[in-house]
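Work through the following exercises with the coordinates open. Each task is followed by a solution in steps.

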Amino acid sequence: MVPAAEAEALILSLVHPLDGAEAVETVPLGAAAGRILAQPVTGSLDMPHWDNSAMDGYAVRYADVVQAGANHPVSLALTEIIPAGKPPTQPVAPGQAARILTGSMMPVGADTVVMQEVTQRQGDQVFILEAPQPGQFVRHRGSFYQAGQPLMSAGTALGGPELAVLAAAQCVQVPVFRRLRVAILSTGDELVNPETPLQPGQIVDSNQYALAALVQAAGAEAILLGIVPDQPEALAVAIRSALSRSDVILSSGGVSVGDFDYVDHILTDLGATLHIRAVAVRPGKPLTVATFPATATQPSPTLYFGLPGNPVSALVSFWRFVEPALRKRSGLRENWSPTFVEAVTQSSLKGGGPREIYLWGRLSPNPENPSRYDFTLAGGSHSSGNLVNLAGANALAVVPVGTEILPQGEVVRVMVVR
Ligand code: AMP
Ligand code: MG
């Protein structure tokens, strides 16, 4: 049994991030949300693009207004109004000012903006009632970013803020990594699809749906290979088929020590190297991690995760071990690991035994002290076979090895899963 942190590190060390030209595609800016930048972007525009005003007010020459005060206002002659989006039409000469609006281009000659609130307007004259700082409220061309400098590096996840930057830089065709292809298969003679009326002893294949949703939420393409019976030949066919069309393969079931648990054997027969067979976590102890060597058509090794069949175990394994691997494999430069926070448990949490224990529930801000988090255990059974109380869970509390009980009110480490 490999301890969780060690298993995560080992898995990440097996992962080759997407790179190279064959993994890059170009998408329009409007379709780039959720993708990962594949090449560094260098902008060709300074930001701001030109000197402009940070305030509604008057563009002045600092030397003209340095003596201004409430008792001895300085009077300046207005040249024009410069609205945002229109360039100034004339310079500001000594004794003059231009009415300027936020974002408008500074006129030639002016070097400072006096905010409207400390001025008084009388026809074509404006009185300045307070001396500004020199250069105040002017955003200088290139002061935020200079054309030709690196703007965004490869491996950046593209969300709202990043898309804003790319849009401002007029980067309309965005080089992104192709989506990872993740094959998902469920193993077990007892499994049926949700639309099939149940016969005694049968179980609905819920893992397929859960894993597909999580894979898609991770930005990858889920390739659903359906239910595979517990027969070595059928498993070999399914895994071979998965190998031919995916970067990562997830199976669930068939990795324990039962009479019909064939996955590890088949993997070895098909030429995979097994790196992990069990991890010291509960739920989710049986976990097979294997790699298939690179081939002519698949330039990086294919990662294989044999997840336990129990629905909760499969999800815990996905969140704890598969998701970091998908993040690294997809080309993301950093932040592969799950997010852990400290919270005060509102329920007593039972631990014990040689494994780290993951208990599902809800993380929420404490009503009296919003900078503190509370963890509330999901009600009902915490059997790894019970998935009913998993709905609505957004976090897993981790009871460390060697802790028998974490009483209510204690601080617990919590893994955020949504
Ligand atoms: P296994 O890991 O194959 O021994 O399966 C452990 C338990 O999980 C058994 O009770 C299975 O019926 C159940 N199980 C296996 N695969 C799935 C699945 N895809 N969806 C729901 N339950 C499953
Ligand atoms: Mg099984």
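**Exercise 1.** In this predicted model, find which backbone atom the side chain of S347 reaches, and describe the surroundings of S347.

*Solution.* 
- Step 1. Start from the side chain of S347: the backbone nitrogen of L377 is 3.1 Å away. With a cut-off of 3.5 Å for a pair of N or O atoms, this pair is a polar contact.
- Step 2. Locate the residue in the fold. S347 sits in the loop that links strand 22 (339–345) to strand 23 (349–350).
- Step 3. List its contacts, leaving out residues up to four places away in sequence. S347 touches F375, T376 and L377, and also L406, P407 and Q408.
- Step 4. Classify its exposure. The relative accessible area of S347 is 16%; buried means under 20%, so S347 is buried.

**Exercise 2.** Determine which residues of helix 1 are buried, and where they lie around the helix axis.

*Solution.* 
- Step 1. Helix 1 covers residues 4–14, and its buried residues are A4, A7, E8, I11, L12 and L14.
- Step 2. Around the axis these residues take up an arc of only 155°, so they fall on the same side of helix 1.
- Step 3. Relate this to the helix repeat. An α-helix has 3.6 residues a turn, so positions three or four places apart point the same way.
- Step 4. Check the other side of helix 1: A5, E6 and S13 are exposed there.
- Step 5. Identify the packing partners of the buried residues. They pack against strand 18 (273–278), strand 19 (281–282), strand 20 (286–292) and strand 21 (302–307), as well as helix 7 (311–329) and strand 24 (356–365).

**Exercise 3.** Describe the shell around ligand 1 and its polar contacts, including that of E190.

*Solution.* 
- Step 1. Count the shell: ligand 1 is surrounded by 16 residues, of which E190, I203, D205, G254 and G309 are the closest.
- Step 2. Sort the shell by class. Four residues are nonpolar, 10 are polar and two are charged.
- Step 3. Take the side-chain contacts. E190 places a polar side-chain atom 2.6 Å from an oxygen atom of ligand 1, while a polar side-chain atom of D205 is 2.8 Å from a nitrogen atom of ligand 1.
- Step 4. On its own, ligand 1 has 480 Å² of accessible area, and the protein covers 80% of it.

**Exercise 4.** Examine the backbone at P48, P283, F137 and N335.

*Solution.* 
- Step 1. Inspect omega between M47 and P48: at about -10°, the peptide bond is cis. P48 belongs to the loop between strand 2 (41–42) and strand 3 (52–53).
- Step 2. Repeat for R282 and P283, where omega is about 0° and the bond is again cis. P283 is in the loop between strand 19 and strand 20.
- Step 3. Turn to phi. F137 is not a glycine, yet its phi is positive, about 60°. F137 lies in the loop between strand 9 (125–128) and strand 10 (138–139), and is partly exposed at 22% relative accessible area.
- Step 4. N335, also not a glycine, has a positive phi of about 60°. Its loop runs between helix 7 and strand 22. The relative accessible area of N335 is 58%; exposed means over 50%, so N335 is exposed.

Technical notes
Residues numbered from 1 in each chain as written. Chains lettered and ligands numbered in written order. Predicted model: local features only at pLDDT ≥ 70, side-chain atom pairs only at ≥ 80, totals over all residues. Heavy atoms only, no water. Near = heavy atom within 4 Å. Polar contact = N/O pair within 3.5 Å; in protein donor to acceptor, adjacent residues only side chain to side chain. Areas by Shrake-Rupley, 256 points an atom, 1.4 Å probe, with all protein chains shown as cover. Nonpolar A, V, L, I, M, F, W, Y, C, P; charged D, E, K, R; others polar. Buried < 20%, exposed > 50% of the residue type's maximum accessible area, 1.4 Å probe, protein only. Helix = DSSP H or I, 4+ residues; strand = E, 2+ residues; numbered from the N terminus. Arc of directions from axis to C-beta. Contact = heavy atoms within 4.5 Å.
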